[in-house]
Every structure is written in C-alpha cells, then in structure tokens.
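Please report on the fold, contacts and backbone features of the model shown here.

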Amino acid sequence: MLDELKKKAREILKAGDAQGVLGLKRGLFDVIHPHVFTAAEELDSLVTEPKWPLAKTARAILRDRPGDFRLAVAARGCDERAVVELIKRNQIDRERILILGYTCGSEQAKACLCSRPWPEKRVAGDIVEGIDPLADDRVRPYLEGDDRARMERWAEQLRRCIKCYGCRNACPICICVPCKLEDDLWVERGAVPVEMVPFHLIRAFHLSDTCVACGACQEACPAGIPLMTLQLSMREALRKEYNYEAGLEPERTSPILSDFNREPRPGQALPDWIHTMDRKT
Amino acid sequence: MSATKNVHDVRIIVFACRWCGLIGADGAGRERTALPASFRVIPVECAGFVEPDLIIRALADGVTGIAVLGCHLGGCRFSDGNHPALKRLELLRTLLDTTGIGGRRLLIGFGTAHESHQFAEMIREFHRELSELPSPGTWLAGTMKRQ
C-alpha cells in the first residue's frame with residue numbers, strides 16, 4: 001500500500017500537478033514528523049504510521065505559500081473529510097489541494113472508533129469495514145442510563161481536565177481566531193480547574209455539525225477524557241434527521257444552517273402556505 | 001417542604017423574539033394572566049439570534065431552564081430565521097441529553113403576537129416540568145464560578 005502511495009506521489013511531483021506532497025517522513029534518528037516532499041527522490045522516506053491528522057498543517061502551509069503553490073496531501077479518510085470541511089469554511093482553496101487518499105487497517109479503525117476508515121479519493125490500500133462507534137463498549141457507558149447517571153459519569157471524566165487546550169489545538173477544524181474559549185465572557189480565563197460546562201460544551205457544540213470523528217481531540221488529551229464520545233450522538237442525530245455526515249459532500253452546507261425547505265426533516269410539519277413565503281433563489 | 005423549596009429554586013430565562021414571542025409575553029402580562037414568578041424575558045431580534053453558547057453559559061451560571069420563543073415556522077419576520085434556530089437548538093438538546101444535563105431544560109416554542117394565552121400556558125407547563133427535574137447537582141454546581 002505504501003509503495004502505491006509513493007508511486008502516485010512521485011507521479012504527481014514529476015507531472016507538476018502539485019509542487020509539494022505533505023506526508024509523514026522518517027527523518028534523522030528515525031524520528032517521524034510531517035514534511036513537505038518537493039523532490040521525487042525524497043519520497044523514499046515517506047511513511048503512513050503513526051496516525052497524524054494533517055489537515056490543519058495543510059491549511060497552515062497553504063496560507064504560507066504563494067497562491068500558485070499546489071499541495072498534495074497523503075490523507076487518511078478522516079484527513080480527507082477534515083480538508084473538505086476546511087474547504088467549506090473557506091480555509092483551504094479547493095483548487096490548491098490534492099488528496100492522495102489511503103485506507104486504514106481494521107486495527108486502526110477499531111482503535112479510532114471509526115465507521116469509515118477510507119477516503120473518497122483513494123489511491124492506495126483496500127477498504128476494510130469500519131465499526132459502529134455507538135455500539136462499542138468504550139462509548140456505550142457514556143450514553144446509557146438516566147440523566148443523573150450520565151451526568152455523574154461525565155462529571156467524573158471532565159473533572160480531570162487540566163485546561164491545556166490540547167483538544168482545541170489538535171482538532172483539525174477548530175480554527176477560529178479569536179477563540180471563545182479564551183474569552184472571559186464565556187469561560188473564565190486563567191481559572192483552573194476549568195469551568196466544565198461552558199468549556200467542554202461550547203467546544204463540543206461548535207463542532208457539532210463539523211466533527212469528522214477523527215479522534216484527534218481524544219488522542220491529544222493528557223487526561224484521557226473520551227472527548228469524541230461527546231460528538232457522536234450529535235453526529236448520529238444529523239445522520240438520522242438530515243442524512244448528513246460532515247466531510248462527505250463538499251457542495252452541501254451544514255443542514256443546521258439552512259431552512260426546512262432546503263433541508264427537510266421527516267416528521268417536521270410545516271404549514272402549506274410556507275412555500276409562498278419561500279425566497280425565490 | 002422540599003417541593004416548595006424546589007419551586008422557588010426554578011429560574012427561567014426566556015429569549016423572546018421581539019416580533020412575536022415578546023409581544024405575546026407582553027400581552028400575557030397586560031391581561032393579568034396568572035404566571036409563575038420564576039422567569040425573566042430577554043428580548044432578541046430573532047430566535048435565530050440566540051447562540052447555543054448563550055444557553056450553555058446560562059445553564060452553567062445556575063439557570064434552571066431556558067426558553068427560546070420565536071415566530072411560527074413559516075411566519076418568521078425574517079422569512080426563515082427560526083428554521084436554523086430550531087435545528088441548532090434541537091442539536092444542542094442532543095448534547096445536553098448526552099451529558100445528562102437534560103434537554104428538557106431547553107424549551108423551543110413558537111407563537112404569534114396575539115397568542116398570549118399560549119405563552120402563559122407554555123411558561124406554566126415549563127415551570128412545572130423544571131420543578132420536577134432533579135437539581136443539577138455536583139456537575140453543574142461544580143462548574144459555577146469558583147469561590
């Protein structure tokens with residue numbers, strides 16, 4: 001799989017379709033780090049392990065380079081979906097990015113609680129089935145029981161937060177400057193322990209329709225809080241009600257931003273005369 | 001009597017759109033309708049103006065419940081401002097349910113300017129429901145501004 005990926009990357013660099021390939025490099029002393037490969041010979045040191053979300057890095061590189069610089073990204077399924085979400089938010093110019101998708105193995109999918117361990121633009125690897133995160137033993141306890149039980153379970157987890165902002169920084173889609181989590185109006189600055197409800201719920205809700213379930217927040221958390229689980233029920237609600245999943249349809253804006261005529265929901269009653277009030281677009 | 005005490009603990013913030021919900025709320029007051037004393041109304045330009053973050057912040061500050069009132073779907077002053085409001089707040093409700101705060105603490109209602117009785121009924125019902133909910137306990141209390 002790695003060879004196919006390298007081959008494709010070489011082709012792209014030689015043909016000049018992109019001026020650089022962003023991927024992981026096994027560098028000096030076998031240290032693995034993100035790297036922009038600009039020469040085809042260099043690509044021998046390209047690796048795909050460990051998992052390292054690169055969407056935010058790609059955004060930073062593209063903002064830094066001149067406008068005619070095109071970047072190819074060696075991307076897992078979650079990387080690709082994150083790039084799509086960033087494109088939707090005008091953070092990445094879709095003309096300047098190329099996805100070199102590769103699949104994840106079933107072990108990785110299981111570790112990530114991933115239901116879709118493959119990219120849409122796949123150049124390497126075979127598709128393996130994902131797992132249903134909501135049925136997993138690592139998730140179910142947080143979604144079961146009555147309000148009281150869930151509240152206690154979550155409080156127990158979130159109480160460990162040391163407010164390192166790792167979840168926000170690691171998230172490939174959290175890009176706002178200034179950030180509400182650094183604003184006294186929403187979350188008291190410099191106060192530790194953190195105000196649990198505003199800090200975590202505001203962060204979680206900002207990503208409600210954008211989260212691509214890459215698990216970067218969870219992996220970055222030094223306290224081991226299952227942060228991705230917070231998003232899963234909202235992702236499920238969007239899938240059920242609007243058949244929407246973040247990162248899959250580049251042309252479709254989030255359903256919670258438009259009205260019920262454009263994004264209908266089964267069971268949502270609307271008066272007949274509403275159509276006469278609909279804007280003609 | 002704990003039940004009585006609970007009732008007094010209920011604190012409701014009502015975000016009412018100034019074109020429909022607010023006028024209805026006003027009407028309920030003008031008609032001297034019997035209402036619980038637990039709510040305060042904050043006029044907003046449109047229900048779509050109410051950020052979910054505001055609701056989260058209010059809950060963390062110890063408000064028991066929040067009601068967001070807009071125009072009827074299809075009767076919005078701004079054509080479709082209340083549609084995204086409803087979608088967004090229902091999604092927020094999912095999050096509140098997940099974390100055990102309880103989506104029932106968030107009420108999304110629609111009404112027109114002359115539906116003051118509907119407003120009164122909605123607030124009474126909401127107040128009753130909130131006073132039956134268990135107190136938010138450790139996790140919300142632990143998140144209020146530190147002593």
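Y165(A) counts as partly exposed, because 16 C-beta neighbours lie inside 10 Å. A residue needs 20 or more such neighbours to be buried, and 12 or fewer to be exposed. Y165(A) sits in the loop between α6 and α7 of chain A. Phi of Y165(A) is near 65°, a positive value in a residue other than glycine. This is a predicted model, and the values here are computed from it.

N90(A) is a further non-glycine residue with positive phi, near 60°. The loop between α3 and β5 (97-102) of chain A holds N90(A). N90(A) is exposed, with 8 other C-beta atoms within 10 Å. Most residues other than glycine have a negative phi, and most peptide bonds are trans.

## Cis peptide bonds

Two prolines of chain A deserve a look. E49(A) and P50(A) are joined by a cis peptide bond, with omega about -5°. P50(A) lies in the loop between β3 (46-47) and α2 of chain A.

V177(A) and P178(A) are also joined by a cis peptide bond; here omega is about 0°. P178(A) lies in the loop between α7 (166-170) and α8 of chain A.

## Overall form of chain A

Chain A contains 11 helices and six strands. Along the principal axes, the C-alpha atoms of chain A fill a box of roughly 60 × 50 × 40 Å.

Of the 281 residues in chain A, 43% are buried. Take the contacts in chain A with a separation of 6 or more: residues 24 or more positions apart account for 60% of them.

## Two domains

Chain A divides into domain 1 (2-131) and domain 2 (134-257). The C-alpha centres of domain 1 and domain 2 of chain A are 25 Å apart. Their contact draws 16 residues from domain 1 of chain A and 18 residues from domain 2 of chain A.

On the domain 1 side of this contact, the elements giving two or more residues are α2 (55-64) and α3 (77-88) of chain A. α3(A) gives the most to that side, with eight residues. By class, the domain 1 side has 11 nonpolar, one polar and four charged residues.

## The nonpolar core

The largest nonpolar core has 118 residues. Those with the most contacts inside it are A9(A), A58(A), V73(A), V83(A) and C17(B). Domain 1 (2-131) and domain 2 (134-257) of chain A both give residues to this core, so it lies between them. In soluble globular proteins, nonpolar side chains tend to be buried together.

What does V83(A) touch, leaving aside residues up to four places away in sequence? The partners of V83(A) are A55(A), A58(A), V73(A), A75(A), I92(A), I97(A) and I99(A).

## A buried alanine

A109(A) belongs to helix α4 (residues 106-112) of chain A. A109(A) counts as buried because it has 20 C-beta neighbours inside 10 Å; the cut-off for buried is 20 or more.

Not counting residues up to four places away in sequence, A109(A) touches C104(A), C114(A), P117(A), V128(A), G130(A) and I131(A). I131(A) is 22 residues from A109(A) along the chain, yet their C-alpha atoms are separated by 7.1 Å.

## Where chain A meets chain B

The contact takes 36 residues from chain A and 32 residues from chain B. On the chain A side, the elements that give two or more residues are α6 (147-158), α8 (196-206), α10 (227-242) and α11 (274-277). α8(A) supplies the largest share of that side, seven residues.

By class, the side of chain A that touches chain B has 25 nonpolar, three polar and eight charged residues.

## A helix in chain B

Helix α4 (residues 82-98) of chain B has 17 residues. From first C-alpha to last, α4(B) reaches 24 Å, close to the 24 Å expected at 1.5 Å a residue. How many of the 17 residues of α4(B) are buried? The count is 14, so α4(B) is largely enclosed by the rest of the structure.

Just after α4(B) comes G100(B), with a positive phi of about 85°.

Note on methods
Residues are numbered from 1 along each chain as its sequence is written. Chains are lettered from A and ligands numbered from 1 in the order in which they are written. This is a predicted model: local features need pLDDT of at least 70, side-chain atom pairs count only at pLDDT 80 or more; totals for chains, interfaces and linings use all residues. Helices (H or I, at least four residues) and strands (E, at least two) are DSSP runs, numbered from the N terminus. Two residues are in contact if their C-beta atoms, placed from the backbone, lie within 7 Å. Domain bounds come from an automatic or database domain assignment. Ala, Val, Leu, Ile, Met, Phe, Trp, Tyr, Cys and Pro count as nonpolar, Asp, Glu, Lys and Arg as charged, and the others, Gly among them, as polar. The expected span of a helix is 1.5 Å times one less than its number of residues. A nonpolar core is a set of buried Ala, Val, Leu, Ile, Met, Phe, Trp, Tyr and Cys residues joined through C-beta atoms within 7 Å.
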